[in-house]
Amino acid sequence: MNSGRLLSLGTGRLRSVAAILISEVNQVITVSRMIDLAWDGDPPARARGVVHNHVHRLRRLLVGQAEIATRGQGYVLLADPCAVDVHRFRYLVSGAHEDEPRTAVAKLRQALGLWRGEALADVPGERVRRTLGVGLTQARVAALQELGSRLLMLGRYGELITELTAWLAEHPLHEELTALLMRALQASGRQAEALDHYHRTRRHLEEQMGIDPGPSLNATYLAVLSGKPVIAPPVSTPTVVTPTHTAPGVRSGPGVAPPPPRPAQLPPRIADFCGRVREIAALDQKLDRLPRPDCVVLAGGGGAGKTTLAVHWAHRHKAEFRDGQLFADLRGFERPPMRPDTVLGMFLRALGVPEARIPDGLAERSALYRALLAGRRMLVVLDNAGTAEQVRPLLPATPGCLAVVTSRRRLSGLVVRDGAALVTVGPFAADDALELLGNVLGPARLAADPAAARELVERCDRLPLALRIAAARLMAHPDWSLGCWTGKLADERRRLQELSAHDADLAVEACLYLSYRALSSGAARLFRLLGLHPGPDVDLPAAAALAGRDPERTHRHLAELTDAHLVEEHVQGHYVRTELVRIYAAQRVVSEETPADRDLARERLRDQAARYRP
């Protein structure tokens with residue numbers, strides 16, 4: 001607290017409890033969360049009593065400065081946020097962006113002057129430092145970068161060189177600050193030193209991280225090398241960081257900016273959610289890895305329930321993302337899909353950016369979006385993504401944020417390049433499929449004919465979309481028996497037609513069509529011709545024979561079908577399809593291949609089988 005009086009808190013848990021309350025001033029902190037943070041998730045049995053004793057002691061120490069009030073199952077520190085260094089820092093940085101350069105420099109120097117070494121360095125407990133310090137180092141670097149940009153605009157190169165040289169001596173891998181230092185050195189007539197800093201940074205990046213300098217630093221190097229005049233880089237919008245949200249009944253102090261918006265964009269979740277224990281456990285593990293920035297891809301075929309799972313899990317954990325949740329349907333398999341810059345415009349408006357201040361370019365929008373998320377704990381759900389390139393500009397880059405992406409493809413680019421985790425969402429287990437059917441129809445209707453119920457879920461491939469459509473049709477016809485409806489689905493020529501909710505414009509066939517349409521021409525042709533294969537299991541030689549192509553090209557096309565979840569490679573070189581996918585492929589081959597081409601494909605398949613017949 002910034003009262004001018006030094007308080008002795010010792011070195012133990014009292015300091016941790018104080019840090020938790022002060023860092024989240026005017027927010028209710030539950031006792032259970034204090035315990036979890038202060039004891040790194042491994043508290044003793046007496047932890048609750050220890051917390052209460054520490055709060056009692058802090059109340060006495062803070063008399064006349066602030067009040068600690070009891071709220072429900074927790075406590076809240078009621079105080080002017082600007083009495084806390086971290087909130088004062090954020091307020092000054094936020095205000096500096098709106099000021100002319102000289103005033104901005106003064107505010108930024110004042111903000112940076114509040115720092116005394118690493119944030120929360122004297123607070124015991126790794127989880128406290130990791131959670132409460134989310135984004136603080138990034139915010140400090142952003143403020144220093146903003147200060148450098150303003151000094152460069154003002155031509156105060158000597159000050160800038162002194163500031164950045166000291167910082168980069170401790171943080172030699174920071175490319176943006178290196179680029180600023182190079183520009184200041186060039187403007188001071190010290191071109192050789194500027195180039196030397198570039199090469200030194202390049203060596204550090206290569207030796208310590210195995211990467212090359214990024215485009216911005218390379219562009220600065222080429223400009224310095226060619227002797228072009230210094231062009232001050234655009235002043236980046238700093239993190240919109242304001243004093244934390246004000247608790248009910250607490251007025252903000254003088255000059256305190258209003259709290260930033262807390263978007264809550266999640267669509268409603270369904271009430272009868274069931275199953276997905278494995279997938280939920282995998283998502284829960286990502287929370288344990290926070291506050292590092294993270295991403296998880298939920299990949300599965302159309303109608304597998306990826307969106308339902310993502311929305312259910314997001315609602316279940318939204319309280320843990322105190323700064324809000326963003327949601328966008330990327331329409332990755334529709335025409336046209338949502339453009340990343342369009343989605344960023346929507347997100348920026350939700351984060352409180354006025355329309356007139358939203359940049360035009362994709363890179364600028366993405367940079368502003370990530371700056372606004374710095375220091376915040378937000379959940380971003382990106383539904384129905386088509387490609388990694390569509391998703392990448394929308395990923396947060398700040399610790400404490402989590403992106404959950406759903407897609408019909410595996411989006412391997414996000415896994416390989418961006419470190420995303422991949423969770424496959426397949427058909428339901430048989431028991432979960434029966435539970436879903438029972439949730440919709442009622443257990444009595446299933447109990448009347450359990451054998452027909454089990455057969456029905458198999459006719460639907462245990463696919464959530466197909467199960468819900470079948471259940472909706474049965475609800476509309478309470479006089480139909482499960483056996484009667486299952487009999488309708490036994491006819492493969494009518495099964496896809498029956499699995500259509502006509503009034504809701506939902507159909508399994510339409511869902512499969514979106515995945516089929518997104519295939520390359522070669523993979524789409526192979527998919528169709530696989531409809532001529534009589535069994536569910538197709539090996540590589542049989543697929544190559546049907547397509548009349550060499551095995552290498554056929555393998556590439558099978559890999560594309562696997563990525564789209566239209567086939568699954570259950571054993572190396574052997575691919576299986578669900579019944580609904582097989583039926584759909586059989587329909588496509590009849591409608592799109594000539595009778596002569598179908599006969600030739602069957603003949604090639606028979607010849608191949610004869611060669612391998614024992």
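Which residues does Leu-330 touch, not counting residues up to four places away in sequence? The first legend gives the answer.

The model is predicted, so local features need pLDDT of at least 70 and side-chain atom pairs count only at pLDDT 80 or more, while totals for chains, interfaces and linings use all residues. Residues are numbered from 1 along each chain as its sequence is written, and side-chain values use heavy atoms, with hydrogens and water left out.

View 1. Helices (H or I, at least four residues) and strands (E, at least two) are DSSP runs numbered from the N terminus. Leu-330 counts as buried because its relative accessibility is 0%; buried means under 20% relative accessible area, exposed over 50%, and partly exposed in between (1.4 Å probe, protein chains only). Leu-330 touches Pro-337, Met-338, Val-343, Leu-382, Asp-383, Asn-384, Ala-385, Gln-390, Val-391 and Leu-394, not counting residues up to four places away in sequence, where contact means heavy atoms within 4.5 Å. Leu-382 lies 52 residues from Leu-330 along the chain, yet their C-alpha atoms are separated by 6.7 Å.

**View 2. The open antiparallel sheet of three strands in the order 1-3-2.** Strand 1 (29-30) and strand 2 (67-71) stand at the edges, and each has a single partner strand, so one side of each is left without a neighbour in the sheet. Helix 1 (residues 13-23) packs on the sheet and touches strand 1, strand 2 and strand 3, its direction making about 65° with that of strand 3. Axes are lines fitted to C-alpha atoms, for helices over the stretch in contact, and angles run from 0 to 180 degrees between N-to-C directions. Five bridges pair strand 2 with strand 3 (residues 74-78) in the antiparallel sense; two strands pair if DSSP finds at least two bridges between them. Within this pairing, Thr-70 stands opposite Tyr-75 in strand 3. Helix 3 (residues 47-61) lies across strand 2 and strand 3 and runs at about 145° to strand 2.

**View 3. The open antiparallel sheet of three strands in the order 11-13-12.** Strand 11 (537-539) and strand 12 (568-571) are the edge strands, each pairing on one side only. From one strand to the next, the twist averages 40°. Strand 11 and strand 13 (residues 574-576) run antiparallel and are joined by three bridges. Asp-537 is placed opposite Val-576 in strand 13.
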